[in-house]
Amino acid sequence: MNKRKHSRPDFFHYEKLGLDAQTIRHSLANRLTYTIGKDPVTATDRDWFLALAYAVRDRLAERWMETMRSYYREDAKRVYYFSLEFLIGRMLVNSMSNVGFYDECLKALDELGLDIEELREVEPDAALGNGGLGRLAACFLDSMATLGLPGYGCGIRYEYGMFNQRIENGCQIEHPDNWLRYGNPWEFARPEVLHPVKFFGRVMEYAEEDGRIHYHWIDAEEVMAMAYDTPVPGYGNDVVNNMRLWSAKATRDFDLRYFNEGNYIKAVEEKDDSENLSKVLYPDDHTLMGRELRLKQQYFFVSASLQDILHRYCKYHSGFAEFPNKVAIQLNDTHPSIAIPELMRLLMDVHQMGWEAAWEITVRTFSYTNHTLMPEALETWPVALLEKVLPRHMQIIFEINHRFLKDVMHHHPGDVELTKRMSIIAEQEERHIRMAHLAIVGSHKVNGVARIHTELMKSTIFADFDRFFPGKIVNMTNGVTPRLWLKQANPLLAELISSHIGDGWPADLDQLEKLVPLADNPRFRKAFRAVKLANKKRLATLIKKHMEIDVDPNSLFDVQVKRIHEYKRQLLSVLHIVTRYNQIRHNPGSDIVPRTVIFGGKAAPGYAMAKLVIRLINDVADIVNNDPAVNGRLKVVFIPNYDVSTALDIIPAADLSEQISTAGTEASGTGNMKLSMNGALTIGTLDGANVEIREEVGEDNIFIFGLTAEEVAESYLRDHHPWNDYWENPKLKEVLDMIGSGYFSPTEPDCYMPIISALTQNGDRYRLLADYDAYIGCQARVDELYRDSDEWSRKAILNVARMGKFSSDRTIGEYAEQIWGIEPVSR
């Protein structure tokens, strides 16, 4: 029930800015003069970029205001997507395209003698994420706006994003990513939107006259969270949603007492400590200080977001009975799951609700997305740390666990082991909070992100919870936005598609199915090959320019771009490269299909094995690329600093998509979807979304190899002897011996012994040696097909045509219907 009428004063009018080239040119001139303060004669590319960005933002702002008014007018239920990462990348071209005036902008720029390619290169990549998790969140915000759903992104405005990766002597070296160095033209600072966030202190307990116990969190340190809003435009519908990111601000700038005493460092110490909270994405959590900062980051943004949500709700509603009917909150992985006890704290301690009513509202409000099957990757926090940093929340978690286990024991009396397994608190030598368990207990729905992932959640790590909460765990297969990953990434292919099936497919990807008959059309196949070759030539030019490596655009571009991790098995691809290299060395005259193997991805700064794999890739590249016997038939390239913009260069040029994680380890993957959408054939295991991609494109149009998830799991239960694979396979033995003996690292012969030990003595956890033979055999089938360019093109076209399911629009539509209960708002 509304407390006050929504008002729109009659005197407030504005004329909507035009989308034609002449009006845009006028806007550019105004922005350059009045906002940037530059004359066209002295303006740099950065000045022109900023002028253009502000001109585009003006048009976003108009639609943004209208969108927000419609949500308030309809009193619409809203979804808030809580994510520690939003890998949004560059916004210029995507914003122009979604609003629908990209071509007119190009005309205006051309009339001014400006090049859009030069201006877009000025924009920094907003790398506020580590990989797939953050990019998924960005795709989801795009789809919410495109579907007209009232959706908000909530996260942290990191001053430094994911590190800038450089390769020095083959090794990854991390450098700060100061993406805000020149400001951010897309955001609106909201200094009036401030919320206090507390840490440390103690909890005072007292009883009211009615006997109710109340809790007061006192003697706490306080940091202010300040909002920064970024408009997120939908495609072709004038809907613009909001991404609200929080920046930490000190409660006071400096202590004047210390300043007057001449102790200038001490005077600003509190300010610096407070504002470190939003300074950097993912601080190194190998130290206690790093872990504490990461926990504080997680709580910082969920507390600010929940206070903001409650403030917005209470402005227009009395009481909280309607709260779950007006608010849905999606937890993107366990990072924001501390939001569950925080909402309980706010409802009980601030708004004076009882436990039962607050808990019902909390569970009905939250839903949780799981992104991993590996037990060691499921987030936990030491009880001692949480008691210190968030003492009230630890009390609430203990109470949640007590009530939950009481219910478990009621339904399963005497089953002590079940109680231990399901407990939110792991009672080990050092007690830990299992954040995934907290998220499951405190949410009304839990979802996996691919069908096989969800099935494995139910049958392995969360089997007890699936039996206890039947129907709570559901599947929401991931998707990606075709606006960015096809229309913007691959304009040549997008133009070819639109010329044959119309231009409605970016908002309805199922229309790509109309391409299926064209796969048998020789002229279309020829045009498709021409597009692919043009994209490969463009990438080859960039590689030559930035890395001084010559690659042949007519060779097969074999691409593996993703976060560097042992389970993703970049190392398996290296084993194939060395096998291929040996084949050329031993048979110099052999007719082998030329390949360019392209890697990209970052390793976590503290992940020694992943960083060693990066070094191995570069050492192998150095030997292979400079061996005259190879004669250009094999090239290896590691493209540094893989980010969204780099992906947009690489993905359209790929012929082969490497999706070779150990079966049962990858939750979904989205790179597999992006590459298939751009006409790459997949070589992969039956893992993550590969399973559903095979179903969609057909078994004949994908290369599948290796152990299944069931076979991998079974191999862990019996004695596994990787040395047998080593001794029984001469090709594999030769490859491992070369790596282990220093063939690729002559100045440090033992450099790669940790890799050899992991594959042999330490059990080959990710089953590279077990899958090696099948992988090499599958790669031979790839070579055979690539020789038949017409048949390869036919299969590639079918991959594009059958990607409709993997639009994030479909995913978000399912979330909205099955989990959030929200609908598009009419405008």
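Buried here means under 20% relative accessible area, exposed means over 50%, and partly exposed is in between (1.4 Å probe, protein chains only). This is a predicted model, where local features need pLDDT of at least 70, side-chain atom pairs count only at pLDDT 80 or more, and totals for chains, interfaces and linings use all residues. Residues are numbered from 1 along each chain as its sequence is written, and side-chain values use heavy atoms, with hydrogens and water left out.

**View 1. Phe200, a non-glycine residue with a positive phi.** Look in the loop between β7 (188-199) and β8 (202-207) for Phe200; strands are DSSP runs of E with at least two residues, helices are runs of H or I with at least four, and both are numbered from the N terminus. Phi of Phe200 is about 65°. Buried or exposed? Phe200 counts as buried, because its relative accessibility is 15%.

**View 2. Asp219, in the loop between β9 (213-218) and β10 (221-233).** Asp219 has 56% relative accessibility, so it counts as exposed.

**View 3. Phe300 and the largest nonpolar core.** A nonpolar core is a set of buried Ala, Val, Leu, Ile, Met, Phe, Trp, Tyr and Cys residues joined through side-chain atoms within 4.5 Å. The largest one has 274 residues, and Phe82, Phe199, Phe300 and Trp820 have the most contacts inside it. Helix α2 (residues 45-74) supplies the largest share of this core, 13 residues. Leaving aside residues up to four places away in sequence, Phe300 touches several residues, including Ile156, Val197, Phe199, Trp246 and Leu277; contact means heavy atoms within 4.5 Å.

**View 4. Helix α6 (residues 132-146) packed on helix α33 (residues 808-820).** The axes, lines fitted to C-alpha atoms over the stretch in contact, are 9 Å apart at an angle of about 75°. Angles run from 0 to 180 degrees between N-to-C directions. The two helices are therefore roughly perpendicular, a label for 65 to 115 degrees; under 35 is roughly parallel, over 145 roughly antiparallel and the rest oblique. Among the residues in contact are Phe140 and Met144 of α6 and Tyr815 and Trp820 of α33.

**View 5. Helix α22 (residues 570-586) crossing helix α31 (residues 768-786).** These axes come within 10 Å and cross at roughly 60°, which means α22 is oblique to α31. Residues meeting here include Leu572, His576 and Arg580 in α22 and Tyr772, Ile776 and Asp783 in α31.
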